[in-house]
Amino acid sequence: MFSLAQLLNILKKQFPGADLDMVKLAYDYAARAHAGQIRLDNTPYIQHNLATAINLTVMRVDLPTIQAGLLHDVPEETAYTIEDIKENFGAEVGSLVEGITKLGKLKYRGMERYVENLRKMFLALSKDVRVILIKFADRLHNMETLDALPPEKQKRIALESMEIFAPLAHRLGMWEIKGQLEDLSFKYTQPEDYAWVATLMATTSPSKEKNLKSIVKTLHHALTQQSNLKIYSIQGRAKHLYSLYKKLLRHDRDISRIYDLIAVRIIVDSVAECYTALGVIHQLWKPLRGRIKDYIAQPKPNGYQSLHTTVIVGPGEIVEFQIRTKKMDEEAQYGVAAYWLYVEKEKPKEGARLDAKHRSLGWVNELIKLQQEIKDTAEYLESVKIDVFPDNIFVFTPKGDVITLPDQATPIDFAYHIHTDLGNKCAASRINNRLMPLSTTLKSGDMVEIIVDKKRARPSPDWLDFVKTRTAREHIKQSLNRTSRLFTMFKRG
Ligand code: MN
């Protein structure tokens, strides 16, 4: 259970000496407005408001955003109106709550029917990015309590989080939020894959964690002995499940080839200390060739900064280290939110970082221009898909329905995505009206048609070499097993 005291304690640390009366008033107001309402998980409604506000503190937002987080569902779910809120809490908090209310509550049934909601979201984003942060905080708690909802709703909300909100968080540089949204959704969007990865992680990580403890101890000792580093933290961090899943798919599902299952993150005070720490690590352990990455001198295009190195800590034991300053760490986790945190308070000194962040905000402005220019919905959606959601591809059925598939998917993945029988009876495929091999890599916008042969077609073991989705893989394997069992029976008979 969350409490007001818990929220206030966090805020007292984040805003020393600040007047928190308005936060308390917002809480009282929300508690009164939602009095008697119970959520489906059997908790009083106000728990949701508190959870949203507490999630927001993690993103390091300002106090008006915290108040708006507490009040975000009031106009929608209670007898109090947006005017009441403006009157009591002023124009700034009022417009944030209004922004959230206007975001739209369209049920998610795939992106193509969601275009109007997307337009609303980008508009909100261009006006005041804080609205989207409240939405993320709200969604995180809704995902955490999703078990209480009926299965159909679970799936729909999880898909929306996975296909809309996680990529949006990614685009805003909020990787921690993105990771959380994906992991919380993964369980519902792909329950079997989730179970597989979760089990894999649970069986592999305990021994790794135990090893890490002594590694961290050795490193801490060396860092403090040899050089007077100011270390904020050294911590082993397990990879997010969904990103582990995606990486496994790229590495033949072989967990022994994943070196950053648990990475050690070292947070120090200055850029110079990052390089010192890297030197100390390389004195202790031998680095793997080609795996030292200097994203401080050369930040990733999205602005990410850090030093990475992978070292051999023992026979067959490999560990990845990530070294960065506190500022870089907050930016890596909270993106746009961390950006204001600094820009509002001090003149930015690091030119490269500033440029990268400007680009990411420039991206929002581009989208806004786009939505003014492009009135045609289909065309608009097409450009949004390419710009904002690059990890998925969107292909069409002959009837014009849009199917979302992972990048690099093939006609076989497409067929199994639609129906098991369509996959099992798949004989050939037409892509954009041309006959193409079943192993062809699909691209966004392709129109895919599956040609079935009900009598003769059956899954081939070769398909396992190129399919990308687990659904396809599992169905192919099942069908192959069945066939070989039948074959044995015939031989015996
Ligand atoms: Mn809510």
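This is a predicted model: local features need pLDDT of at least 70, side-chain atom pairs count only at pLDDT 80 or more; totals for chains, interfaces and linings use all residues.
**Entry 1: the chain as a whole**

I began with the overall make-up, and I noted that the secondary structure of the protein chain comes to 19 helices and 11 strands. I then looked up burial and found that 51% of the 493 residues count as buried. For the contacts in the chain with a separation of 6 or more, I wrote down that 66% are accounted for by residues 24 or more positions apart.

**Entry 2: Q47 in α3**

I stayed with helix α3, where Q47 is also found. Is Q47 buried or exposed? Its relative accessibility is 9%, and because the cut-off for buried is under 20%, Q47 counts as buried. When I left aside the neighbours within four places in sequence, I found Q47 in contact with M1, F2 and H141.

**Entry 3: helices α11 and α12**

Two packed helices are described by the angle between their axes and the distance between the axes. On the side of α11 I noted D193, Y194, W196, V197, A198, L200 and M201, which meet L241, L244, Y245 and L248 in α12. The residues of this contact divide into 10 nonpolar, no polar and one charged.

**Entry 4: two residues with positive phi**

Most residues other than glycine have a negative phi, and most peptide bonds are trans. With that in mind I looked at R253, which is not a glycine and yet has a positive phi of about 60 degrees. R253 is found in the loop between α12 and β2 (262-268), and with a relative accessible area of 19% it is buried. I then turned to N432, also a residue other than glycine, whose phi has a positive value near 50 degrees. N432 has its place in the loop between β9 and β10, and at 38% relative accessibility it counts as partly exposed.

**Entry 5: the sheet of β9, β10 and β11**

In what order do the strands of this open sheet stand? I wrote down β10-β9-β11 for the three strands, with antiparallel pairing. The edges are taken by β10 (434-436) and β11 (448-452), each of which has a single partner strand, so one side of each is left without a neighbour in the sheet. Neighbouring strands here are turned by 40 degrees against each other on average, with direction ignored. Strand β9, residues 426-431, is joined to β11 by five bridges, and these two strands run antiparallel. One position I picked out is A428, which stands opposite I451 in β11. Finally I noted helix α17 (residues 411-418), which lies across β9 and β11 and runs at about 80 degrees to β11.

Methods. Residues are numbered from 1 along each chain as its sequence is written. Side-chain values use heavy atoms; hydrogens and water are left out. Two strands pair if DSSP finds at least two bridges between them. Helices (H or I, at least four residues) and strands (E, at least two) are DSSP runs, numbered from the N terminus. Axes are lines fitted to C-alpha atoms, for helices over the stretch in contact, and angles run from 0 to 180 degrees between N-to-C directions. Contact means heavy atoms within 4.5 Å. Ala, Val, Leu, Ile, Met, Phe, Trp, Tyr, Cys and Pro count as nonpolar, Asp, Glu, Lys and Arg as charged, and the others, Gly among them, as polar. Buried means under 20% relative accessible area, exposed over 50%, partly exposed in between (1.4 Å probe, protein chains only).
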